[in-house]
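Visitor: Could you walk me through this model? I would like to ask things as they come to mind.

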Amino acid sequence: MRNSRPGRQLWRGAVVLSSVLALSACSWFSKDDDRYAPAPLTDYAPAMSVRAVWSQSIGSGSGLGFAPTVIGDAIYAATPDGSVGKFDLQSGRVIWKSKAESKLSAGVGSDGTTTAVATPSGEVIAFDDTGKIKWRAKATSDVEIPPAVGYGVVVVRSGDYRIQAFDAQSGNRLWSLQRPGPALALRSAAQMVMAEGLAITGLPGGKMLAINVASGNVQWEGTVATPKGASDLERLTDVVGAPRLAGPLLCAVAYQGRIVCFDVTQGGRPLWAKDFSSSSGMMVDDRNAYAPDQSGIVSAFALDNGNNVWKQAGLKNRKLTSPAILGSAVAVGDYDGYVHFLSRSDGRLMARLSVGGGAVVSPPQSTQQGVVVQTGNGNLVLIGTN
């Protein structure tokens, strides 16, 4: 059914509808209803000093399917206009820039040797580490989350709920795995991760899979959240952001679902789970898990038991990204081009910086040099401390 054109168009319409409902609820209410209005920027007592170390243009535009990838001392990034590049982490210097010769819907994934992006038609394009196109291959459907690259393979998750792997050198398809999907799926900044020879991905419907990248066999399957409700909209329960690893824990968060940490040393059983709904994702450090809920209220949960450590409601309805770590702070981008820094210990606002360029929708990336932010107009900015 999903392969037929009418069904395909209906499914894509459902994805767009769910995105509008989840992320733009304020448009459904009158101007006199300020429940969904973004919180204004408030005064605070600065507790850290941040600055833009450098800024460099990638190309034009941004989107939910785009996230910079940091490998060693290099950043790989792409923009919807087809621009793909490698940049020096310390200086922002362009190491190479290329064109995919088509519009892009997702990127990038890289292991420092192969860098992959995807087009709206499901074409996967791989570059070598000089910026030359190595191969082009076709996924079974559109690809709207960044490919994952590692262990000699390029893995993509397509809109028909298939996860497919391609040989990183030749582009030959190695395996394909499909899971049944719900009628509606949230369009969000989802990501896959590679670890221990596994591709780890969340799925619409609240499931998370760990797949052996060599064979395509599912090594573990866990439930982040279970859909509830009578309508398809009420049952919209998708894993968002990137799965996060913290020692023996594998953590994830879902829209209209839960935030949960699994203990991989105990067969992947849930160590703790809390009812929660996020449309952007989460981050972990050695003590806490951090996530903004769908209203922009940021919470910290203790990694060992899930107890709530703090909540920060001062950024409500500012359409926050998933968090990144910078020193003693967690950083989140917002709809107006600001990056906010909250104390990891108590959630108080410590600093804020405008990176410009419109809404920050790509997840910021933590590095040893600072936080890398991809702006709404297609720039990379490294934010560091003074």
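Visitor: To start, how many disulfides does a search of the whole structure find?

Guide: The search of the whole structure finds one disulfide, the term being used for a pair of cysteine sulfur atoms within 2.5 Å. Before going further, please note that this is a predicted model, in which local features need pLDDT of at least 70 and side-chain atom pairs count only at pLDDT 80 or more, while totals for chains, interfaces and linings use all residues. Residues are numbered from 1 along each chain as its sequence is written, and side-chain values use heavy atoms, with hydrogens and water left out.

Visitor: Which cysteines form the disulfide?

Guide: C251 and C261 form it, with their sulfur atoms 2.0 Å apart. The torsion about the S-S bond of C251 and C261 is about 105°, so the disulfide is right-handed. The pair links distant parts of the chain, C251 being in strand β19 (residues 249-254) and C261 in strand β20, 10 residues apart; strands here are DSSP runs of E with at least two residues, and helices are runs of H or I with at least four, numbered from the N terminus.

Visitor: Are C251 and C261 buried or exposed?

Guide: Both C251 and C261 are buried, where buried means under 20% relative accessible area, exposed means over 50%, and partly exposed lies in between, with a 1.4 Å probe and protein chains only.

Visitor: And which way do β20 and β21 pair?

Guide: Strand β20 (residues 257-263) pairs with β21 in the antiparallel sense over seven bridges, and two strands are said to pair if DSSP finds at least two bridges between them. Within this pairing, R258 stands opposite D275 in β21. The two strands form a hairpin with five residues between them, and G267 in the turn has a positive phi of about 75°.

Visitor: Switching to rings, how many aromatic pairs does the structure hold?

Guide: The structure holds seven aromatic pairs, counted when the ring centres of Phe, Tyr or Trp (its six-membered ring) lie within 6.5 Å, with planes under 30 degrees apart called stacked, over 60 edge-to-face and the rest tilted. Among them is the edge-to-face pair of F276 and F301, which are 5.5 Å centre to centre with 90° between the planes. This pair links distant parts of the chain, since F276 is in strand β21 (residues 269-276) and F301 in strand β24 (residues 298-302), 25 residues apart. F276 is buried at a relative accessible area of 10%, and F301 is buried at 6%. Elsewhere, Y76, W96 and F127 form one aromatic cluster.

Visitor: What about charges, how many salt bridges does the structure hold?

Guide: It holds 10 salt bridges, each being a side-chain nitrogen of Lys or Arg within 4 Å of a carboxyl oxygen of Asp or Glu. One of them joins the side chains of D129 and K86, at 2.7 Å from N to O. D129 lies in the loop between β8 (123-127) and β9 (133-138) and K86 in strand β4 (residues 83-88), so the pair ties together parts that are 43 residues apart in sequence. D129 counts as partly exposed at 26% relative accessibility, whereas K86 is buried, with a relative accessible area of 12%.

Visitor: Which residue does R136 form a salt bridge with?

Guide: R136 forms one with E101, the closest N and O atoms being 3.4 Å apart. R136 lies in strand β9 and E101 in the loop between β5 (94-99) and β6 (106-110), so the pair ties together parts that are 35 residues apart in sequence. R136 is partly exposed at 35% relative accessibility, while E101 is exposed, with a relative accessible area of 68%.

Visitor: Back to the strands, where does A74 lie?

Guide: A74 lies in strand β3 (residues 74-78), and it is buried, with a relative accessible area of 6%. Leaving aside neighbours within four places in sequence, A74 is in contact (heavy atoms within 4.5 Å) with T69, K86, F87 and L89.
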